[in-house]
Amino acid sequence: MKKEDYFSRYSRQIFIEEIGLEGQKKIKSSKVLVIGAGGLGSPVLQYLAAAGVGTLGVADFDEVELHNLNRQIIHTENRVGLSKVKSAEAFVKELNHQVIFKKIEEKINEDNAEEIITQYDVVIDGSDNFSTRYLVNDTCVQLQKTLVYGSILGFAGQVAVFNHNGSKNLRDIFPEPPFDEDVPDCDSLGVLGALPGIIGSMMALQALKIITDLPVSVNQLTLVDTLGWRFQTIDF
């Protein structure tokens, strides 16, 4: 892409005083790991790819299913049955060919978490189970990586930034994970498709602020109730 085309593409970000050319350079050189290419991962990948994040790593081991399509909007009908990572790659490459896309078609576990996470500057967790969330959190603490956290169910969502420049982490607010089978999930109680769009966009915005060294709120959990349209922040 020609230099003038690059400026034109990202001009609306560069025009922001707090971003500018230096901020855009930071975005271009950044490496972000997105765990999960589902409901939360979809808007996160959309906005980070659109913003020009240099390298996007995406970890997911599932395939696209028809019931995903109400909320996992980077996937399409003709990619049902394809791995979510390959579907995500097709979307990102069509949106922004400059992004380096790293496929991680495996589940994050104790054997590979450190090796995968250590390669990235910022980690965004859009996973759907507590065992993965706590493993990712603990690995980020060990490696001193900033973690952007989000979760969704029904009409409600949560967002937080953990372990940023020494700030608190997931275990400081929820010391131990519940058993996955004891926790309601989208498979049993559902989720309205626009909700992950809201929460995922908030996560992407936090990640871009982190990348460009803008201030972000830490040691806080933001609760979003879209049914009653209430937003609440809890300090911890």
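**Close-up views of rings, cores and strands**

**View 1. Tyrosine 149 and phenylalanine 162, a pair of buried rings.** Both tyrosine 149 and phenylalanine 162 are buried, where buried means under 20% relative accessible area, exposed over 50% and partly exposed in between, with a 1.4 Å probe and protein chains only. This is a predicted model, in which local features need pLDDT of at least 70 and side-chain atom pairs count only at pLDDT 80 or more, while totals for chains, interfaces and linings use all residues. Residues are numbered from 1 along each chain as its sequence is written, and side-chain values use heavy atoms, with hydrogens and water left out. Rings of Phe, Tyr and Trp (its six-membered ring) pair if their centres lie within 6.5 Å; planes under 30 degrees apart count as stacked, over 60 as edge-to-face and the rest as tilted. That rule gives six aromatic pairs. With ring centres 5.3 Å apart and planes at 45°, tyrosine 149 and phenylalanine 162 make a tilted pair. Tyrosine 149 belongs to strand E5 (residues 146-153) and phenylalanine 162 to strand E6 (residues 156-162), 13 residues apart. Helices (H or I, at least four residues) and strands (E, at least two) are DSSP runs, numbered from the N terminus. Together with Phe236, Tyr149 and Phe162 form one aromatic cluster.

**View 2. Tryptophan 229 meets phenylalanine 231 edge-to-face.** Here the ring centres are 5.6 Å apart and the planes stand at 85°. Tryptophan 229 counts as exposed because its relative accessibility is 55%. Phenylalanine 231 is partly exposed, at 46% relative accessible area.

**View 3. Two charges over rings, at tyrosine 6 and phenylalanine 130.** A charge sits over a ring if NZ of Lys or CZ of Arg is within 6 Å of the ring centre and within 35 degrees of the ring normal. Lysine 28 lies over the face of tyrosine 6, 4.9 Å from the ring centre. Arginine 133 places its charged end over phenylalanine 130, at 4.8 Å from the centre of that ring.

**View 4. The largest nonpolar core, with 37 residues.** Such a core is a set of buried Ala, Val, Leu, Ile, Met, Phe, Trp, Tyr and Cys residues joined through side-chain atoms within 4.5 Å. Val32, Leu48, Leu56 and Ile124 touch the most other members. Among the elements that each supply at least two residues are strand E1 (31-35), helix H3 (41-51) and helix H9 (194-211). H9 gives the most, with eight residues. Beyond residues up to four places away in sequence, leucine 48 touches partners including Val32, Ile124 and Leu208; contact means heavy atoms within 4.5 Å.

**View 5. Alanine 204, a residue of helix H9.** Alanine 204 is buried, with a relative accessible area of 1%. Its contacts, leaving aside neighbours within four places in sequence, are Val44, Tyr47 and Leu48. Leucine 40 is 164 residues from alanine 204 in sequence, yet their C-alpha atoms are 9.6 Å apart in space.

**View 6. Strand E1 between its pairing partners E2 and E4.** Two strands pair if DSSP finds at least two bridges between them. E1 pairs in the parallel sense with E2 over five bridges and with E4 over four. Lysine 31 has threonine 55 of E2 as its bridge partner, and leucine 33 has valine 123 of E4. Four of the five E1 residues are buried, so the strand is largely enclosed by the rest of the structure.
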